[in-house]
Amino acid sequence: MTKKQLIFIKGTKEGLVLRLDDQCSYAELLDELTKKVSDEGFEGQAEVLLHLGYRYCNDEQTKEIISCVQQTEHLRVTKIQSEVMTVEDCNRRLLENQSETYVGIVRSGQIITALGDLVVVGDVNPNGRVVAGGNIFVLGRLKGIAHAGSSGNKEAVIAASWLEATHLIIDNVVETMTDELTVLSEHPEMECAYLHTNGSIAIDRLQDLRLLRPNLSTFKGGS
């Protein structure tokens, strides 16, 4: 009887994908992975994406699998994918996908926070601060501090009717709106800020947001 293959290896332009069987026992998987990694004869240095499928692994098991793969100096695990989500992660994502609306002026020293997206209908005055795990939309003048993607969302954006913020923060990237940047932003009305692929915060026209973040729109239909 032919033994079922438990580890599938695929090469991509980014490196290797190791797809692990999610039906066998954990002990069988680890044993097979150990043999596969040691017998395959890898050369050079390859980045590895581990795909766990529908297998749930706790932190200790995940570390054990990574350690098993990296027992050869030729492989380095850079990303792990799983189809399984914990209840805690599920609840967190639900909260992050919700929008909260604040109507009024965010005054100096005041801090408004939201787990998901934050919509402010009003101005954010200097030294006022708005913080969101998701995106920030200000229907007014943003003249204070805005921190979007505070929970680690690098795709988050900050959009405002009038973008004159003193500080823009997305994820953990901080941009101080110096006089030079203010000059570059000659028409601060209807603009948005986002993390550019070069890792810095960029400012663009609000009209370009649909091209910069096409997944932002959840509306279906229309033309």
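Let's start with two helices: H1 passes H2 in a right-handed crossing, meaning that the near helix is turned clockwise from the far one by less than a right angle. This is a predicted model, where local features need pLDDT of at least 70, side-chain atom pairs count only at pLDDT 80 or more, and totals for chains, interfaces and linings use all residues. Residues are numbered from 1 along each chain as its sequence is written, and side-chain values use heavy atoms, leaving out hydrogens and water.

Two packed helices are described by the angle between their axes and the distance between the axes. Here, the axes of H1 (residues 26-39) and H2 (residues 59-69) come within 9 Å and cross at roughly 20°. H1 and H2 are therefore roughly parallel to each other (angles under 35 degrees count as such). From H1, Tyr26, Leu30, Leu33, Thr34 and Val37 meet Gln61, Glu64, Ile65, Cys68 and Val69 of H2; contact means heavy atoms within 4.5 Å. The residues of this contact divide into seven nonpolar, two polar and one charged.

Now find His51 in strand S3 (residues 46-51). With 8% relative accessibility, His51 counts as buried (under 20% relative accessible area, with a 1.4 Å probe and protein chains only). Beyond its neighbours within four places in sequence, His51 is in contact with Leu18, Arg19, Leu20, Gln81 and Glu83.

Finally, look for the open sheet of five strands, in the order S6-S8-S10-S12-S13, with mixed pairing. Two strands pair if DSSP finds at least two bridges between them. Within this sheet, S10 (residues 145-148) and S12 (residues 167-170) run parallel, joined by four bridges.

Terms used:
Axes are lines fitted to C-alpha atoms, for helices over the stretch in contact, and angles run from 0 to 180 degrees between N-to-C directions. Angles under 35 degrees count as roughly parallel, over 145 as roughly antiparallel, 65 to 115 as roughly perpendicular and the rest as oblique. Ala, Val, Leu, Ile, Met, Phe, Trp, Tyr, Cys and Pro count as nonpolar, Asp, Glu, Lys and Arg as charged, and the others, Gly among them, as polar. Buried means under 20% relative accessible area, exposed over 50%, partly exposed in between (1.4 Å probe, protein chains only).
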